[in-house]
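The following report describes side-chain packing, aromatic pairs and strand pairing in the structure shown here.

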Amino acid sequence: MHNRSRSWRIAISREPFVSTKRSWRSCGGTFDIAAKREALTRFEAQMADAGFWSDQERAKSVVQQVKALKSWVETFGALEHRVRSASELCEMLAADPDDGMQAELTSDVARLAPEIEAFRLRSLLSGPDDERDAQLEISAGAGGTEAQDWAAMLMRMYTRWAERKGFIVEILDMSDGEEAGIKGAVLEIKGRYAFGFLKAESGVHRLVRISPFDSQARRHTSFASVFIYPVVDETINIEIRDEDLRMDVFRASGAGGQHVNKTSSAVRLTHIPTGIAVASQQERSQHKNIQTAMKMLKNRLYQLEAEKQAKKKAELDSNKADVTFGSQIRSYVFQPYTMVNDHRTELKIPDVQRIMDGDIDTFIEAYLKQQTSAAPGAGGAAA
């Protein structure tokens, strides 16, 4: 009787691994390992060719693809090996229950489960810029203090999300609100696939709540826009001619000491052909602010060109929905009930506080799955 009871306890404690293994198998729906291995073999054969480096541009493209494919294949192989090892340990436990082996399995699964989940999400990414860092721009809509407070709440939400991922967050620019919150901010979020995940967040975000700034405690609706840009690395050449650029300097606003407020260290760059304007005032040095603003401008121009190309592709596919950054994508309701509703996927989550604390992966995953299934030839993520 004692042995039967012990075996039952072991069987129950094996359930976390069974769940983890099920999650690992689900990766196969979006991750075509055979196709990636075949592509890697093909590209490596090209690299071994004697005349491979005669075409520098083509060679560079192939090397980048090999690097990306190896990242996928090697990560998959390492996780697969660990799943198999845990599976063997699980079989040993079934044949001969042992507390020591059980502790080892529990420890393995605790480490393995979040890594599989991260890989499963990553397998939904297929864009050429998905692996890049992201630049996130938040702007308060009309509505004064309430909208500015909402912009600050969104900034905190994305900062908390990035911290959960182990990403680094750097504030490139921020404009404080008159009474509370922010008029706008630009954050750089550094981490692998930051842009791939965050691109799901571009659009208008709507808040419904009883405003703490309304003495009559009325319910208000506020809006803030979120735009996501891939961070352009130094190997990509974005040409900006001097004659196409206008620079304005001004005094920095907000906290920062007498030096920041009394000198014209803040910089605004305007790209005349496109009308794109960026500003930086976080640094005391005007030179550093110019460098930061130029980097921001390059990211905007790169994204503008990417959007033009995407629009041309969309025009060729009449069945593909029109995607614009200006559309309202999500509503966050605090009163009279709590609900976060994504209008693109119709996913609804009642725990608004959990979402505002940065737990937005469920929304991101739903959006990525929707985009993957809607894409022509869907069925496997490209490298």
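## Aromatic packing and the nonpolar core

Phe-167 has a relative accessible area of 14% and is therefore buried, where buried means under 20% relative accessible area, exposed over 50% and partly exposed in between, for a 1.4 Å probe and protein chains only. The model is a predicted one, in which local features need pLDDT of at least 70 and side-chain atom pairs count only at pLDDT 80 or more, while totals for chains, interfaces and linings use all residues. Residues are numbered from 1 along each chain as its sequence is written, and side-chain values use heavy atoms, with hydrogens and water left out.

Rings of Phe, Tyr and Trp (its six-membered ring) pair if their centres lie within 6.5 Å, and planes under 30 degrees apart count as stacked, over 60 as edge-to-face and the rest as tilted. By this rule there are 7 aromatic pairs, and two that involve Trp-161 are set out below.

| Pair | Centre to centre | Angle between planes | Type |
|---|---|---|---|
| Trp-161 and Phe-167 | 5.7 Å | 75 degrees | edge-to-face |
| Trp-161 and Phe-197 | 6.5 Å | 75 degrees | edge-to-face |

Trp-161 lies in helix 6 and Phe-197 in helix 7 (residues 194-198), so their pair ties together parts that are 36 residues apart in sequence; helices here are DSSP runs of H or I with at least four residues, and strands are runs of E with at least two, numbered from the N terminus. Trp-161 counts as buried at 1% relative accessibility, and Phe-197 is likewise buried, with a relative accessible area of 6%. Elsewhere, ring pairs link Trp-72, Phe-76, Phe-119 and Tyr-193 into a cluster.

A nonpolar core is a set of buried Ala, Val, Leu, Ile, Met, Phe, Trp, Tyr and Cys residues joined through side-chain atoms within 4.5 Å. The largest such core holds 52 residues, of which Leu-136, Leu-154, Tyr-158 and Tyr-332 touch the most other members. Helix 6 (residues 144-165) supplies the largest share of this core, 9 residues. A second, separate core of 14 residues includes Val-186, Val-232, Ile-238 and Leu-297.

Turning to the strands, which pair if DSSP finds at least two bridges between them, strand 9 (residues 328-333) and strand 10 (residues 339-342) run antiparallel and are joined by 4 bridges. Val-333 stands opposite Met-339 in strand 10, and a hairpin joins strand 9 to strand 10 through 5 residues. Strand 10 is also joined by 2 bridges to strand 11 (residues 348-349), again antiparallel, with Asn-341 opposite Lys-348.
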